[in-house]
Amino acid sequence: QAEAGVEDSAARLAEDIRAKSKGTSDPVLREAAAAAAGPAVTWLGERHGLPFELVDGFVYPGHTARRMHAMPERTGRALIDRLRTAAEGAGVMILTHAKAHTLYVEDGRAVAVGLTRPDGEEVVGCRVLVVATNGYGGNKAFVARYIPSLVDAVWFGHDGNDGLALLWGEALGADLAHLSGHQGHGAVAHPHGILITWATNSAGGFQVNGEGVRFHDETAGYSEAGAQVMAQPDGLAWSVFDGRIADIARQFEDFRHAEDVGAVLAADTPEALAERFGLPTAAFAATIEETRRLAEAGETDGFGRTWSTPPLEAPFMAVKVTAALFHTQGGLRTDAHARVLKGGAPLPNILAAGGAAVGVSGPDASGYLSGNGLLTAVAMGRTAGESAKRMVKGDRLD
């Protein structure tokens, strides 16, 4: 950020999180996560060699500064690959094909975890336990209970997100919060299943339904857009943009892949593009003309979107999309040290981070600020590791 001339601070990030969640996120957790974010990225970059880059060309909805950092490939797979390599380089033992199922507790303290491995059952003892089993998005029954609007949406996460942390929390009597909170997404290429960056909308594009008309404020955020898209006929929409915006989107490997497989189509006129997708020609062309008028006038439309970007120009482009659930944001309540709380007090030796813990987005999809998931996974994950180290050494955290 400094190299790019971007002025930012932990306090500013915390305020953006508070504003996006409309004040519903835990103030202690959001302050702790915001304060831990910069040091965590610096530590991963300088000590473990992760080549972070500042995402350029647009600002994600809800952010007041360019602060999103990513691997050069702009994919989650690239980040995971490098994190795994860094962990192995640091001598961390990683047990694969090991599914946790049972938490053993004595006098309120975690003492062991039961695992199933290909060659049988194992029990691994612990002095301190960090629960990092992610959320419950892969558990259809839990999704139906807590996020019914997306129960039929594409599940874009790993099926291992089966709600184990939630079940353990209930058994422990631990505090749970914001179980309806989640990150949705309103732009996954259909039927290809490829994520389409929201830059296609926030940089000046928009979405239409099968009738060729817009149906929401696309700049509000991609998370809440998931339910908006799901509410359209057949749960489908079309993200519409142009060559200028496509140039911005091409910094993301997923978008380039979508182009390679033919999910992104282009045409010289709105009418021709509508015909390529089988959309009502007149209605689609009228929608593009209306967005042109709004953009040239800098007006606010009926959905509350203020148009501050250039109007679309040929070549006009679009991709057919559907909605997806990416991950859940509710879970075990934790304090600033990532300790799991019970009745507001920390359990003796159990911590949680990432999707297993409650996030900083509040109870609704609209509270999700871009990056909140990785914020609590990376920043609070590092905090949990530091707390575990100190607890094993017998140091006090408070």
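1. Helix α12 spans residues 372-393, and serine 387 sits in it. The model is a predicted one.

2. Is serine 387 buried or exposed? Its relative accessibility is 4%, so serine 387 counts as buried. The cut-off for buried is under 20% relative accessible area.

3. Which residues does serine 387 touch, once neighbours within four places in sequence are set aside? The contacts are His337, Leu351 and Leu397.

4. Now to strand β14, residues 316-328. Of its 13 residues, 12 are buried, so the strand is largely enclosed by the rest of the structure.

5. Strand β7 covers residues 154-155 and runs parallel to β14. The two are joined by 2 bridges. Here tryptophan 155 lies opposite leucine 325 of β14.

6. Strand β9, residues 182-189, pairs with β14 in the antiparallel sense. This pairing has 6 bridges. Glutamine 183 faces histidine 327 of β14, standing opposite it.

7. Strand β12, residues 236-242, is also a partner of β14. The sense is antiparallel, over 7 bridges. Opposite valine 319 in β14 stands serine 239.

8. Strand β13, residues 264-267, runs antiparallel to β14. There are 4 bridges between them. In β14, phenylalanine 316 has alanine 267 opposite.

Note on methods: Residues are numbered from 1 along each chain as its sequence is written. This is a predicted model: local features need pLDDT of at least 70, side-chain atom pairs count only at pLDDT 80 or more; totals for chains, interfaces and linings use all residues. Side-chain values use heavy atoms; hydrogens and water are left out. Buried means under 20% relative accessible area, exposed over 50%, partly exposed in between (1.4 Å probe, protein chains only). Contact means heavy atoms within 4.5 Å. Two strands pair if DSSP finds at least two bridges between them.
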